[in-house]
Amino acid sequence: MKHVISMLVENHQGVLSRISGLFSGRGYNLESITAGVTRDPTISRITLVCYGDDVVFEQIKKQLNRLIDVIKIADLTEKPAIHRELALIKVKAEPKIRGEIFQVADVFRAKVLDVGTDSMVLELTGSSEKIDDFTNILQPYNVTELARSGLISMERAKKTAKKTKGGKQ
Amino acid sequence: MSMTGAQLVIEALKSEKVDTIFGYPGGAVIPIFDVLFSEKSMHVVLTRHEQGAVHAADGYARSTGKTGVVLVTSGPGATNTITGLATANFDSVPIVCITGQVPTHMIGNDAFQEADTVGISRPVTKHNYLVTDIKDLGRVLKEAFYIASTGRPGPVLVDIPKDIQLHKTDTTFPQRVQIRGYNPLTKGHSGQIKKAAELLKKSKKPLFYVGGGLHISNSIGIFRKIVEKTNVPTISSLMGIGALPSTHPRYLGMLGMHGTFAANMGVMSSDLLFAIGTRFDDRATGDLSKFAKGAKIIHIDIDPASISRNVSVDIPIVGDAKLILEELYPILEKPSIDSWIEETGQWKKNHPLSPETSGDGISPPKVIKRISEVFPDAIITTEVGQNQMWAALFYDFKKPRSLLTSGGLGTMGYGFPAAIGAQIANRDRTVIDIAGDGSIQMNIQELATAVQEELPVIVAILNNGYLGMVRQWQELFNEKRYSSTCLARRPSCPPQCKEPGDYCPPYIPDFVKLAEAYNAAGFRVVNEEDIIPVLKEAKKIRNRPVVIEFLVSREANVWPMVPAGAGNNEMLLGEEDLI
């Protein structure tokens, strides 16, 4: 099963290697890992996507928690959360089929970043599934390069207002 | 007051009340050794290899509970510590290992004696640091000691580049420490503790299963009170040995691959396994699909990652074993388990450990039993293999922290340097390394250290001329194909030799001459009746190490044995069980 973990870590050198080393050393499957600084420059947020059954995933969380540099872990697998990934896609685009590719890109709300004589670069933001779909659809046009950012995630904002004292409106 | 980084390091060690440093100097750490030259409050033990330094600090730490300190140089100095750090990390031993590093501006340039020490040591330490700014040095050292000694203890490495050691700083060693990502839970959940007490009260076949965590948390006293109050039979992992005296009526022995019949039958028949400070290691559990199937499991451990990793636990209690057991003690009630006590007692009575072994030569278990008689209150260290199992099974342990052995990593060469560290910390006790002729040679260079330090460590070498435990496996599972396990073998030997005989070449080295070459005392025991006189002779020597070589039965095996992959009740009890 696929799991998404979002965590806050000390913004030190070597933190990413501690985490990726934990995965390789203990034989856990890591699909993607992204890192970036937060509002507090001493803290980074790391989002990682991993695979494993419930027992393995429980161990992954515990082992991550054991790392001194890990401050907080949130398991976003079951929670309402927004997941986004960014992809840059270079696709063969002879002048006569450019129009078709533009149309496909439009359907997926992808941006055209660059157009050359025989290829173009598209940018797409969305869920990992959406990016999978888009690249699949572009396959017949010959995708020559694909760069994906890995997932970043955030828990959704609360949708129910707190009850005010004094009850009903 | 301004001081250098090197001076700050020593101030930090003083502030942490460090009295002994195990180390080995080198180019990148000269500034710190220079400060130590005139420092009177600390004794520097110069080992002969950095691995020996870490094992010695480990023995010092395990036997006392204090944090062991290591100081070595960059590059090979640091890489030589890795086996020692991994050993300590596996067995939760508090160590602070300070390594020199090439100057910061040279890091990454493949400088002389440069190694990525933090990268190499990351998986074998609890935490590690590379100090790149002198302003961080005091805080890092404070954190290192705090992390090493709290929670589940472990080794912490601090890598200090040479220029940082020489820089002047106004920063001091802080008195307080605050790490936002590290808050080990110590107090157990009261609701869970009550549930555990309830379950124990109702149980018909309860069993305490204790591990090294009981020694680490200093909870042997309260645990023994709990056993007196509840009368519940107890089994131990290798690391838990000494939790109850070996002769205690409720003690069934060590479980696992070379566990006792009573312990292994107990764990397979119990309806409640109450585990404390143990991690259900595969050598203890055997085939997990068959392990303790009829039992509910309570598990106290300070490391949440140890809980429900190998076996699924019904009542987990995360926290410090001592605090939890103290909270548990007053609410515990004695369960009615007379028939269970009778049953476990019968197992113990009908299947005691046998000190007899096959073949000519002294029986190794008898050597251990005689050591136990002549030195009833010793700290025993072991190497790894048959010597380790015989020591664990046949020495009568009475006190906590008296068996120092590499349980998790299984490091041959651990026992002798660990004995040196333990002897330095416990000058008034006898410290004995029970060794095999193979493993003692992995750190035999430390004889020089022991002689120079005038330590009366006794090294009891059970010499069978083989890497005995591997040979035992080859005998039982590989039709006696003794591939690379005979330590006497020469080109003139019969090809594919399957047994020792008159044609065997002389053994090397001559351990007695070797001991004498180092100015240690050396004895050789060939006959069983000479064991006790020689041990008594060794007892008189108090100012230098004693090496005693026992020529033991060459093909003696450790029994009982649960073959790898079998359930714990599928034991081979002795030669008679072999087809």
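1. Let's start where the chains meet. There are two salt bridges between chain A and chain B. One of them to look up is the link between the side chains of A:Glu10 and B:Arg180, with a nitrogen-to-oxygen distance of 2.7 Å. Keep in mind as you click around that this is a predicted model.

2. What else is polar across this interface? Six residue pairs are in polar contact between chain A and chain B, both partners being at pLDDT 80 or more. On the chain A side, the elements giving two or more residues are α1 (15-25), α2 (54-66) and β4 (70-75). Of these, α2(A) gives the most, with five residues. Sorted by class, the side of chain A that touches chain B has seven nonpolar, six polar and seven charged residues.

3. Now for the extent of the meeting. Contact involves 20 residues of chain A and 18 residues of chain B. The size of an interface is often given as the accessible area lost when the parts come together. For chain A and chain B the buried area is about 1400 Å², and carbon and sulfur atoms give 47% of that.

4. On to the aromatic rings. How many aromatic pairs turn up over all chains? A search of the whole structure finds 13. Take B:Tyr146 and B:Tyr182: the ring centres are 5.7 Å apart and the planes sit at 85°, so this pair is edge-to-face. B:Tyr146 belongs to helix α7 (residues 134-149) of chain B, while B:Tyr182 is in the loop between β8 (168-169) and α9 (190-202) of chain B, so the pair ties together parts that are 36 residues apart in sequence.

5. Are those two tyrosines buried or exposed? B:Tyr146 counts as partly exposed, at 27% relative accessibility. B:Tyr182 has a relative accessible area of 8% and is buried, because the cut-off for buried is under 20%.

6. Another pair worth a look is B:Phe280 with B:Phe291, again edge-to-face, at 6.1 Å centre to centre and with 85° between the planes. You'll find B:Phe280 in the loop between β12 (272-276) and α13 (282-285) of chain B, and B:Phe291 in the loop between α13 and β13 (296-301) of chain B, so this pair ties together parts that are 11 residues apart in sequence. B:Phe280 is buried, at 2% relative accessible area, and B:Phe291 is buried too, at 4%. Elsewhere, ring pairs link B:Phe208, B:Phe223 and B:Phe274 into a cluster.

7. Next, have a look at B:His49, in the loop between β3 (43-46) and α3 (50-64) of chain B. With a relative accessible area of 26%, B:His49 is partly exposed. A polar atom of the B:His49 side chain lies 2.9 Å from the backbone nitrogen of B:Gln51. Leaving out residues up to four places away in sequence, B:His49 touches B:Tyr24, B:Asn80, B:Gln445 and B:Glu446.

8. Last one: where does B:Gln165 sit? Its place is in helix α8 (residues 162-166) of chain B. B:Gln165 is buried, with a relative accessible area of 0%.

Methods:
Residues are numbered from 1 along each chain as its sequence is written. Chains are lettered from A and ligands numbered from 1 in the order in which they are written. This is a predicted model: local features need pLDDT of at least 70, side-chain atom pairs count only at pLDDT 80 or more; totals for chains, interfaces and linings use all residues. Side-chain values use heavy atoms; hydrogens and water are left out. Contact means heavy atoms within 4.5 Å. Buried area is the accessible area (1.4 Å probe) that two parts lose on being put together, summed over both. A salt bridge is a side-chain nitrogen of Lys or Arg within 4 Å of a carboxyl oxygen of Asp or Glu. A polar contact is a pair of N or O atoms within 3.5 Å; within protein, one must be able to donate a hydrogen and the other to accept it, and residues adjacent in sequence count only if both atoms are side-chain atoms. Helices (H or I, at least four residues) and strands (E, at least two) are DSSP runs, numbered from the N terminus. Ala, Val, Leu, Ile, Met, Phe, Trp, Tyr, Cys and Pro count as nonpolar, Asp, Glu, Lys and Arg as charged, and the others, Gly among them, as polar. Rings of Phe, Tyr and Trp (its six-membered ring) pair if their centres lie within 6.5 Å; planes under 30 degrees apart count as stacked, over 60 as edge-to-face and the rest as tilted. Buried means under 20% relative accessible area, exposed over 50%, partly exposed in between (1.4 Å probe, protein chains only).
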